[in-house]
Amino acid sequence: MPILEVLPLGMSQSRYRTRYGSELEGVRTWGFADVTRLVPQARAVIRDRVPQLMVQLRSSRIGGKTSLLDRFQRRGFNGWWFLEVSEKSAYRGLLINRMYYLALIQSLLASTTYQKVWFCLEDEVLSRSLNEGLKLLSIDCTAVKSTRLWSKRGVGAWLILHLWNALGIGMLHVLQLLLISGLGIVNRRSPPPQSVLLFSFYPRMWSAPYGASATEWFFGDLPKFFSGAVSHCYAVWLTVWPREIWAKRKELRSFFSTQKALCLSQYAGVGALASLFDPRWWMMHVRLARRWPPANEFRLGPFDVGEMVSDELHRSLSSTEFFRDVLLVDAWERLTRSSPVAAVLYRLEFQPFENAILYGARGNTRTIAFQHSLFGNNYLPYHFVPGELSHVWDRGAMPLPGLIITSGEFGHMVMLKNGCAQTSVEVCGPVRYREFFKRYGQHRDRRDEARKRLGLDREAKTLVVATAVSRPDAEALLEALGEGVEHFGNLIVMFKSHPALSLDKEFERIVGVRLGGARYRLLASGEELYDALSLADVAVVNPSTVALEALVLGALPVIFDSGVVFDPKVLESDEWGGVIASNAEQLSQALGIVFGAYENLEAVKQGLHIQAERWLDQPQKDPYPRFVEVLRKHGIVPKLGSAENES
């Protein structure tokens, strides 16, 4: 047994050894704590504690008898639901991963006895919580000062950031409106009577946004199936900088004309701009600093997480998301109050901007949300405590859409478990992936032809690697692959990093140098990724939808789940039912089995296809007609219409 056990937080063991191994050369015996056995329990703690914490948090008192939730109440909406912290996503701020690290430590201390604990953390807030918790447990501990600390901001810094972001969002909005009006890009117009409005951010959520083939990421060609049944148009919120508006003015005119889209940004009035600077918003920072949180009210086992929660509240209240949603709710309220529209349709992720849509449309029109993608038990925004959604009309309660349409039975089950009424949840199939299944679903047997066309050796083992948006997870995958890739001689690796996190240089440094230039390819686009998956034997991916895409295209997906951070996209073993690796040794073993047991691959893939249909119901069927039928069932699309015109 090692004299010293090391538990790295936020990085893989391989990366820790590379970075800090030389500093431990003087230690006679040292090794790593077994993170693999800690991760499931730590994740279970976060899945249970975080949703409870959010309910507890908004009900906590801040100054007298007034709850935090009541402090955010305004005319027509409650600003609490515009805070990023309310989303419960590990992608928003530090809170959830701070708690996850504490859960890992708690799990380790519960299973192993240590004579002494040293910790060296860059995060000052996390360090304080850990130090106090260890002392409470009567554990001999020493905090080793880090060379760099994530220092806690004072209230003055939060106030400055709050004002800066409010001013930035306000100025951006004004400049956008001046340019689109002055350049004649779009005139303010009303949507057709009794039409369905599809909400989107433009151009952020569009493929080829400035071309004739501009396509919305989540809806695709779905609006074409409304033709002849109900009028429709896009209501878009602009996400384009003023300089780009000037440079793309012709393309923007063409977009709004051909798509028959209306610019939702034009509906946010002067009053909404003024409300960005409501003194009651920034006074919340002062109240939080002086009177909150009560000591020991927010805990994770022995650890007080109140300071972390306070830190996240300040950050969320200062974020650009909050101020944009203040404008968005006013725009939707003005639009739906002045125009008799049949319904508003948007994609569902329980993000704050969705609550702005619901508040603005409440009482004026119907609201429909469709759950578009894969998600599991670790995607906390979709999971609520029992009873949390059963009081949707209570003052300050989370607003909910009138109808939720899910991609599969798993989403349907989760929504019902959350407390949604049976009559308000329907299943339609994979709307977002319709074009993908249509294009690639029937071409699983073209790998030999693709190999020949690309000049690849027929006997070469072909591996696709795709990383996700979480840097710690992506780096852990590359480190593990770099350790084991040399074991496979005749191997060609094709690499694609996430569009929001380019890691091509890191791949070449960690993996490419061990392969040699002739044995790897860097993929530049999604199209190249799909072509590569169609000819690959196996794909190693971080938790993401690429696993599903690999399966459809004929490659066996191996999910690399390092557990170094709380990744919302990760699927547990019982959810996925496929091959999972968490370190270099497991990844090497998985690849060895895959490359050496071709006769079993098709059976494994078939089992995964069956499992995948829990998330994406009947992917072989066209979901668009099913979606329209759901709308017809709920009276949004008239029952008397030509079904023939919808295909």
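Ser138 counts as exposed, because its relative accessibility is 69%, where exposed means over 50% relative accessible area, buried under 20% and partly exposed in between, for a 1.4 Å probe and protein chains only. This serine sits in the loop between helix H5 (124-136) and strand E6 (141-143), and its phi is near 60°, a positive value in a residue other than glycine. Helices (H or I, at least four residues) and strands (E, at least two) are DSSP runs, numbered from the N terminus. The model is a predicted one, in which local features need pLDDT of at least 70 and side-chain atom pairs count only at pLDDT 80 or more, while totals for chains, interfaces and linings use all residues. Residues are numbered from 1 along each chain as its sequence is written, and side-chain values use heavy atoms, with hydrogens and water left out.

Lys88 also has a positive phi in a residue other than glycine, near 65°. Lys88 belongs to the loop between strand E4 (77-78) and H4, and it counts as buried because its relative accessibility is 4%. A further backbone feature is the cis peptide bond that joins Tyr202 and Pro203, with omega about 5°. Pro203 is placed in the loop between strand E7 (196-202) and strand E8 (206-207).

Turning to the interior, a nonpolar core is a set of buried Ala, Val, Leu, Ile, Met, Phe, Trp, Tyr and Cys residues joined through side-chain atoms within 4.5 Å. The largest such core has 210 residues, and Trp80, Phe199, Trp332 and Leu345 have the most contacts inside it. Helix H4 (residues 95-111) supplies the largest share of this core, 10 residues. Another core, of five residues, lies apart from it and has Val6, Met11, Tyr16 and Phe32 among its members. Contact means heavy atoms within 4.5 Å. With neighbours within four places in sequence left aside, the contacts of Leu345 include Phe199, Phe219, Phe226, Phe370 and Phe627.

Helix H4 also packs against helix H2 (residues 35-59): the two axes come within 8 Å and cross at roughly 130°. Axes are lines fitted to C-alpha atoms, for helices over the stretch in contact, and angles run from 0 to 180 degrees between N-to-C directions. H2 and H4 are therefore oblique to each other, given that angles under 35 degrees count as roughly parallel, over 145 as roughly antiparallel, 65 to 115 as roughly perpendicular and the rest as oblique. Among the residues that meet are Val45, Arg49 and Leu53 in H2 and Met99, Ala103 and Leu104 in H4. Leu300, in strand E12 (residues 299-300), is in contact with Val45, Arg49, Met99 and Ala103, among others, neighbours within four places in sequence being left aside. Leu300 counts as buried because its relative accessibility is 2%.
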